[in-house]
Number of protein chains: 2
Amino acid sequence: MINRLAIIGVGLIGGSLSLALKKKGAVNEVVGYARSEEARSQALELGIIDQAAGSLAEAVASADMIFIAVPMGAMAEVFDGIAEHLNPEAIITDGGSAKSQVVDAARQALGDKFRQFVPGHPIAGTEKSGPSAAFAELYQDHRVVLTPVADTDSAATARVKAMWQLTGAEVFEMDLAHHDTVLAATSHLPHVLAFNLVGMLAERDDCDDVLRYAAGGFRDFSRIASSDAVMWRDICLGNREAILALLEQYHQGMSRIEKAIRDGDGAYLMEVFARAKKARDSRFADPDLIDNSEV
Amino acid sequence: MINRLAIIGVGLIGGSLSLALKKKGAVNEVVGYARSEEARSQALELGIIDQAAGSLAEAVASADMIFIAVPMGAMAEVFDGIAEHLNPEAIITDGGSAKSQVVDAARQALGDKFRQFVPGHPIAGTEKSGPSAAFAELYQDHRVVLTPVADTDSAATARVKAMWQLTGAEVFEMDLAHHDTVLAATSHLPHVLAFNLVGMLAERDDCDDVLRYAAGGFRDFSRIASSDAVMWRDICLGNREAILALLEQYHQGMSRIEKAIRDGDGAYLMEVFARAKKARDSRFADPDLIDNSEV
């Protein structure tokens, strides 16, 4: 049972956690903070939070659980803003899509309270954002990954795990660097590729025809590219190393395919396409293995 | 009304046309030819065709309408095989996803009967292939593009148009080169990018984790990459120029994004991502503009 939950960032991710815990009767009181006055009022009106805090200090003052759900670029500022105001027993967790950068920022700001910080990543989302996008069922049957490090307090990890389980999520622990690579491969890189394609086609003179005859392949790319730009900017900068390493590998593959198209090397194309299809059909198609979420 | 329809290639595309026309009572008799004996028997058993021909010559001998629905790499061979056996009044059309190569092959093989060939592209499909994947409603509310050239007989174009309209499709005419560029942009390029990503991730040692935590972005790529490898090999080779030109442009965009990630240039990333999101949300999201199909 959480007595006072502080949600920093009351959008889709933060708001949905609050709604899920309230629905379960697992929290006495939720206080929310957001930089924008509009988001705070909206979250209050929608019953996502019981109280809007005017500052980070006020939000965390007597909270026993703090969930930070702001774009990754704003995490360091939040850690700096709460460090001096934390309740000694408070547990802190977050929802950032890449963990190394967040852990570095937390370690630097929180000092000896760093051990009460449990890095987390709920793998769920929709293309929508903001308080009005939040709903109690967002995490139901989705995965939440926790990436505690050597000096993370194991009791804190257990409490964060229990909190997420109440939302209906399956909770896993994973090595931090491994998490960042896996997410770069399955989410960050696909988003970057899709943003580039959609942006490029949108600039064409014949854009209307491109849309009129757009087939399935493009529709999928287009859906990916409608995600929040600030969030993805921060993810790209926050998980830079892993994304750049994969992009390098991706380019090598593309160069080889491009050469085959230019040279009319059908045997090579057939080999690459068949391998991808086989991999997908035999393993990737297992619905149990692929999370039904956006981020 | 079609008296004798010849379907060359009795898979998803050819089989579905036959089933749709039969359902409408718009054809007296359907004869089918496929290279594989198994596909021919299956098409007979499924009622897709009334008669299986043992050769291309036999298939087209007394047909008044001929639909060629084989992978693009096999089109030239089909034109060569039917040219001498065509009924003088026969109209020929096809379902190839890129038109320039098909038109060149038809012109070369058909001689003065070339004017009875109406190049076409039904923009519809699923990830599945083969006779068992065919169904009468495949073309319902989908688009079919015809790309007649200067010497195409306009009466032939009108008959092919009327045939497709009976399937419930909307039929458009488009300039051939323009068609090939638009399809490269909206279908061929996305498929190549997806095949590369899925193939690359399938080779990783941590592939199982990649799958276990795969989020929405990857699921969309994975779905695209499960399409038929032979078909996509042939499309890549058949629409080579348009695909290579777009790939060049795609790489330029990716290089710029990659540099921004490396340099920590958040302003540039924000600009590119926001532009793509805006384009998608304001124009691409119109369901009426985006065809619900695969190819």
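Visitor: What share of the contacts in chain A with a separation of 6 or more comes from residues 24 or more positions apart?
Guide: In this predicted model, such residues account for 77% of those contacts in chain A.

Visitor: How do you know whether the radius of gyration of chain A agrees with that of a compact globule?
Guide: Set the two values side by side: a compact globule with 295 residues would have a radius of gyration near 19 Å, and chain A has 21 Å, which agrees. Along the principal axes, the C-alpha atoms of chain A fill a box of roughly 70 × 45 × 30 Å.

Visitor: What makes a residue count as buried, and what percentage of chain A is buried?
Guide: A buried residue has 20 or more other C-beta atoms within 10 Å of its own. Buried residues make up 58% of the 295 in chain A.

Visitor: Why are helix 4 and helix 5 of chain B called roughly parallel?
Guide: The axes of helix 4 (residues 75-82) and helix 5 (residues 100-110) of chain B cross at roughly 20 degrees. Angles under 35 degrees count as roughly parallel, so these two helices of chain B are roughly parallel to each other. Their axes come within 9 Å, and the crossing is right-handed.

Visitor: Which residues make that contact?
Guide: Helix 4 of chain B brings M75(B), A76(B), F79(B) and D80(B), while helix 5 of chain B brings V102(B), A105(B), A106(B), A109(B) and L110(B). By class, that is eight nonpolar, no polar and one charged.

Visitor: How many residues does each chain give to the contact between chains A and B?
Guide: Chain A gives 78 residues and chain B gives 78 residues. On the side of chain A, helix 7 gives the most, with 17 residues.

Note on methods: Residues numbered from 1 in each chain as written. Chains lettered and ligands numbered in written order. Predicted model: local features only at pLDDT ≥ 70, side-chain atom pairs only at ≥ 80, totals over all residues. Contact = placed C-beta atoms within 7 Å. Helix = DSSP H or I, 4+ residues; strand = E, 2+ residues; numbered from the N terminus. Rg over C-alpha atoms; globule rule 2.2 N^0.38 Å. Buried ≥ 20, exposed ≤ 12 C-beta atoms within 10 Å, placed from the backbone. Axes fitted to C-alpha atoms, helices over the stretch in contact; angles between N-to-C directions. Parallel < 35°, antiparallel > 145°, perpendicular 65-115°, else oblique. Left-handed = near helix turned anticlockwise from the far one by under 90°. Nonpolar A, V, L, I, M, F, W, Y, C, P; charged D, E, K, R; others polar.
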